[in-house]
Amino acid sequence: MLASLAMTAVVAIAACGNDPSKPKASQGSNNLTVWVDSVRLPVAQAYVKAHPNQHVKIVTFDGDANGATTMQTKIQLWNRTGNGWPDVIFSEQVNDPVWMAQKPFEFAAPLKGLIPGNLLSKWPAASTAQCTVNGTQYCVQDNLAQVVLWFNKKLMDKFGYAVPKTWQQWADLGKKVATEHPGYIVGNIGDSFSHWIYLWGNQCPLEQLQGDKLRINSADAHCTRVAGMLDPLIKNGTVPPLSVFTPDFASKYGGAKDKVLMMPGPSWFAQALFDETLHIPAGQITAAAPLQWENETPVTTGQVGGGPWIISKHSRNLKGAADFVIWATTVFNPTGKAARPGYPAYAPLAEAWLTGLAGNSYFAADPTPALKAAAGQVWTGWNLVTYPDQPVWSNTVVTKLVAGKSLSSLIQPFGDGLAQAAKASGYTVVRQ
Amino acid sequence: MKPPTLSATRAQVTRKRGLRGARGLPFVLPYLPFLLVFGILPMAYALYLAVTNDTSGWVGVGNFTRTFRDYRFLPAFEHILLYTCVWLGSLIVIVVGLALLLHGRASRVSTTFRFLFYIPGALAGASAVLVWLFMLDPGVSPGSFLLRHLLGSHLFVQSIAPGKLPFVFAMIAFWTGAGGWIVVMYGALNTIPYELEEAARIDGAGPLTVALRLKLPMIRKWIAYMTILAFATGTQLFVEPQLVNEASLGLVPDTWSSNQLAYQLAFRYGDFNAAAAVSVDLIAIGLIAAVLIVKRTGLFRTED
């Protein structure tokens, strides 16, 4: 215990370059320390290249991916030592600004006055809302992560299937695939974020802030009906409880095997997953609009990501930090292989990015109309909270699905797990 | 009333011990500051934190009852209890068994095997776990047929299913830790005078009787020593579940062991007092186990 704590402290201090012989950020106003995940590393490197006069120190970390709490532990340590904070952080965890803005962390700086209002106004309202805590905006999102229906056009044409428009058509097709073309899949449910695809998109009320209370109603029909629809598909193997980022998944369904027929998933699946992770050949994959529940309107969809940029309120170079964030979110937009993986949140940049994507020969058909339509359809009834919900989903649901249990029997334990996590983080929970 | 002769001998013994203590002091002196700074002081600080709140107000056992009621507390302690049982059991039986077997062999054979057993222990903790992450993945593991038939797992997620975890972690710990202990036990066996063994042989004892009736009782204290240390490291399990948590993309909870729970309480919730309470629980468990073992085996008894 002691050894590990000491190690963490040493790593944290070393990583921040807390070397007394070097000038601190306070003295050199163009010193900047930036913490990013590996996906955002090219942005930071490009910024350094474009700004040779800025002294930027880039540190990569896990980005709090899959609900890790790396940044919480780091900020706790920096707060206790009273120095070492980076100036800018990128997190993959869309809810991170919520705790960063509040006690006991109090790390995030309000953006008003740092980033000009005419720029801030060009982020979609829903995205800004996710960055706003108690009425103050603390972050800008790097990308929107709206869920669409990705599908393999080549295979669908070959099998003679029509692209489904509703979840019911999709599920029926899943049953058909299991008998007609066993081995092919129409989705997956083993990721730490799968509940955001299936439950968030279908309006299951598992994270609803109502005044000072948090509503977690896992018994709601919006939750149970989705579980009931998915269970036969999990059982017949067309929606396996495997993560798309595991070697097992790639070897079973990716590459030359080419077994992904359809997959509800976020906008950044585009090339990051199908091309670079699963190595599905070019000219096959494209996107369709988010699935609708029967004929219910309006159509809503889920969100997987929407990673925020956060500026430290402890920064001694707020101007430089803001400049970095503005550049990373509103300017940086390379084309071709180096293109940004996700749908840019800043609207003018999204236009340029979509134009590039429309002309990208990797896709079988232009995926941009579906992505554009879905951008405004993310269900706003799923609020962001201070604790990550993915570990609860992974521990209580995915491990049990692997062991052969039905999703319907796990929805209630999932709600219980979320309620426990919420209470441990200080929320008052309402269960209906 | 004590007879005067007895107290006289006692006084003599005490004087002798005092003299020996004075002579021993220079040997332990270089270690004392470290023990104080990195051992005693943090422990005292943990005790202080455990009975106070974040504004340094006295709360008595408040932190202990609060952490006990935490929904992660009991599962975490259940996990490490099961893990420690599996690990200690296999460690004692297999390490002592192998050491006894080795000691009965010709020296060249035993040297080779001792070296082989020791090799995995040369890997530092975290890197050994990384090796195991590959070993447990049926897709890449050289022992994939064992995983399939013994563990019944065809996928990595099945290898690290919640029910298998205590055994998997025990396997990792055994693989990295047992070799060193085999060498220690072998050394202990070497201290047994050869005449004793020879005398036993002449009396007609076979290799099995020599091993079980002569050698085993004579290395009892080493076994007790190993048990105390292994128990403490077992209950303080941290690296293995922490790395598997990250490698499994969160399938294994980040509060699987009680030490992880203390870490999360301290650095995620900023609740150092609750974390200290969990740490003190762990110290207490380790101390109680150590006292029991010392009493039962007479580890520190010098007059044999």
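## Helices H16 and H17 of chain A

H16(A) and H17(A) cross in a right-handed sense. The model is a predicted one. H17(A) covers residues 407-424, and its axis comes within 8 Å of the axis of H16(A), with a crossing angle of roughly 160°. With angles over 145 degrees counted as roughly antiparallel, H16(A) and H17(A) are therefore roughly antiparallel to each other.

On the H16(A) side, the residues that meet H17(A) are A:Val392, A:Trp393, A:Thr396, A:Val397, A:Lys400 and A:Leu401. Their counterparts in H17(A) are A:Leu407, A:Leu410, A:Pro413, A:Phe414, A:Gly417, A:Leu418 and A:Ala421. By class, the contact of H16(A) with H17(A) has 10 nonpolar, 2 polar and 1 charged residues.

## Contact between chains A and B

Chain A gives 28 residues to the contact and chain B gives 25 residues. Four helices of chain A supply two or more residues each to the side that touches chain B: H1 (2-15), H3 (70-81), H11 (247-253) and H16 (390-402). H16(A) provides the largest share of that side, with 7 residues. The side of chain A that touches chain B is made up of 11 nonpolar, 16 polar and 1 charged residues.

## Domains of chain A

Chain A falls into two domains, each built from two segments: domain 1 is 2-141 + 307-344, and domain 2 is 147-303 + 368-430. Their C-alpha centres are 29 Å apart.

Across the domain boundary, 15 residues of domain 1 of chain A touch 16 residues of domain 2 of chain A. On the domain 1 side, helix H4 (96-100) and helix H6 (125-130) of chain A each contribute at least two residues. The side of domain 1 that touches domain 2 contains 7 nonpolar and 8 polar residues, and no charged ones.

## The five-stranded sheet of chain A

An open sheet of 5 strands in chain A runs in the order S2-S1-S3-S13-S6, and its pairing is mixed. Strand S2 (55-60) and strand S6 (139-141) of chain A are the edges, each pairing on one side only.

Strand S1 (residues 31-36) and strand S3 (residues 88-90) of chain A run parallel and are joined by 2 bridges. A:Trp35 has A:Ile89 in S3(A) as its bridge partner. Helix H13 (residues 318-331) of chain A lies across S1, S3, S6 and S13 (308-311) of chain A, at about 170° to S13(A).

## The three-stranded sheet of chain A

Another open sheet of chain A has 3 strands in the order S9-S10-S15, with mixed pairing. Its edge strands are S9 (208-210) and S15 (428-430) of chain A, each of which pairs on one side only. Neighbouring strands here are turned against each other by 35° on average, direction ignored.

Strand S10 (residues 213-215) of chain A runs parallel to S15(A), and 3 bridges join the two. Opposite A:Lys213 stands A:Thr428 in S15(A).

## Helices H2 and H15 of chain B

In chain B, the axes of helix H2 (residues 32-50) and helix H15 (residues 272-297) come within 7 Å and cross at roughly 120°. H2(B) and H15(B) are therefore oblique to each other. The crossing of H2(B) with H15(B) is left-handed.

H2(B) makes this contact through B:Met43, B:Ala46, B:Leu47, B:Leu49 and B:Ala50. H15(B) makes it through B:Phe272, B:Asn273, B:Ala276, B:Ala277, B:Ser279, B:Val280 and B:Ile283. The contact of H2(B) with H15(B) has 10 nonpolar and 2 polar residues, and no charged ones.

## Backbone sites in loops of chain A

A:Pro104 sits in the loop between H4 and helix H5 (117-120) of chain A. A:Pro298 sits in the loop between strand S12 (285-288) and S13 of chain A.

A:Gln203, a residue other than glycine, has a positive phi near 65°. A:Gln203 is in the loop between helix H9 (194-200) and S9 of chain A.

Key
Residues numbered from 1 in each chain as written. Chains lettered and ligands numbered in written order. Predicted model: local features only at pLDDT ≥ 70, side-chain atom pairs only at ≥ 80, totals over all residues. Contact = placed C-beta atoms within 7 Å. Nonpolar A, V, L, I, M, F, W, Y, C, P; charged D, E, K, R; others polar. Axes fitted to C-alpha atoms, helices over the stretch in contact; angles between N-to-C directions. Parallel < 35°, antiparallel > 145°, perpendicular 65-115°, else oblique. Left-handed = near helix turned anticlockwise from the far one by under 90°. Domains from an automatic or database assignment. Pairing = 2+ DSSP bridges.
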